[in-house]
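The sequence and the structure are shown first.

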Amino acid sequence: MKKQITAALIAASMGMGATAFAQQPGNTPGQPGSAPQAAPTAPAADFRDDDLEKFAEVQKPLQEIRTDYSERLQSTQQPDQAAKLQQEATDKMMEVIEDSGLEVATYNQIAVALQSNPELQAKVKSMMN
């Protein structure tokens, strides 16, 4: 169950730009596929700077995966193939996150917290520059 939720949150990020939170502080687009609002959030004080830096560092490779797989998903008409591509993208994204030394659950908590915390958005944005 936990893996399904994690995979769902990462897969949901396929619909969001990697820096959507940084480009639109306090105004995350309500796109289909956005992480659910009911997901648990943690205040910015609960995130270590080290974890925030890792989160910022993985945004570029995650965006590359999103772009690649979004293009591939748009070119398929077959539901089975689309599901396979979504799973491949999710697996690759989880691997990038884990290889950075960040737990996927922590990544998801930060991503959800960014949606409603302008101070956290600014902090992560500054780490991305």
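Asp-68 is partly exposed, at 32% relative accessibility; the class lies between buried (under 20% relative accessible area) and exposed (over 50%), for a 1.4 Å probe and protein chains only. The side chain of Asp-68 forms a salt bridge with that of Arg-72, at 3.3 Å from N to O. A salt bridge here is a side-chain nitrogen of Lys or Arg within 4 Å of a carboxyl oxygen of Asp or Glu. Because Arg-72 and Asp-68 are four residues apart in helix H3, about one helical turn separates them. Arg-72 is itself partly exposed, with a relative accessible area of 32%.

The model is a predicted one, in which local features need pLDDT of at least 70 and side-chain atom pairs count only at pLDDT 80 or more, whereas totals for chains, interfaces and linings use all residues. Residues are numbered from 1 along each chain as its sequence is written, and side-chain values use heavy atoms, with hydrogens and water left out.

**Salt bridges**

Arg-72 also pairs with Glu-88, whose side chain meets that of Arg-72 in a salt bridge of 3.8 Å, N to O. Glu-88 belongs to helix H4 (residues 79–99) and Arg-72 to helix H3, so this pair ties together parts that are 16 residues apart in sequence. Glu-88 is partly exposed, its relative accessible area being 26%. In general, side chains of opposite charge can pair when their charged atoms come close.

By the rule given above, the count comes to six salt bridges. One of them joins Lys-123 and Asp-49, with 2.6 Å from N to O. This pair links distant parts of the chain, since Lys-123 is in helix H6 (residues 118–128) and Asp-49 in helix H3 (residues 49–74). Lys-123 and Asp-49 are 74 residues apart in sequence, yet their C-alpha atoms are 9.3 Å apart in space. Lys-123 counts as partly exposed at 34% relative accessibility, and Asp-49 counts as partly exposed at 41%.

| Pair | N to O distance |
|---|---|
| Lys-123 and Asp-49 | 2.6 Å |
| Arg-72 and Asp-68 | 3.3 Å |
| Glu-88 and Arg-72 | 3.8 Å |

**Helices**

The protein chain has six helices and zero strands. Helices (H or I, at least four residues) and strands (E, at least two) are DSSP runs, numbered from the N terminus.

Helix H3 has 26 residues and reaches 37 Å from its first C-alpha to its last, close to the 38 Å expected at 1.5 Å a residue; the expected span is 1.5 Å times one less than the number of residues. A kink of about 35 degrees lies at Gln-59 in H3, shortly before the proline Pro-61. The bend at a residue is the angle between axes fitted to the seven residues ending there and the seven starting there.

Ala-56 lies in helix H3 and counts as buried at 9% relative accessibility. Not counting residues up to four places away in sequence, Ala-56 touches Val-124, Met-127 and Met-128, where contact means heavy atoms within 4.5 Å. The C-alpha atoms of Ala-56 and Val-124 are separated by 6.1 Å, although the two residues are 68 residues apart along the chain. Lys-123, with neighbours within four places in sequence left aside, is in contact with Asp-49 and Leu-52.

Helix H5 (residues 104–114) is largely enclosed by the rest of the structure, because nine of its eleven residues are buried. Among them are Val-104, Tyr-107, Asn-108, Ile-110, Val-112 and Leu-114.

**The chain as a whole**

Of the 129 residues of the protein chain, 39% count as buried. Among contacts between residues at least 6 apart in sequence, 75% join residues at least 24 apart. The chain exposes about 7,500 Å², of which carbon and sulfur atoms supply 49%; these areas come from the Shrake-Rupley method with a 1.4 Å probe, and for residues only the protein chains shown count as cover.

The average pLDDT of the protein chain is 77, and 65% of the residues score at least 70; pLDDT is the predictor's confidence in each residue, from 0 to 100. Over residues 14–44 the pLDDT is below 50, and this stretch has 50 contacts in the model beyond near neighbours in sequence.
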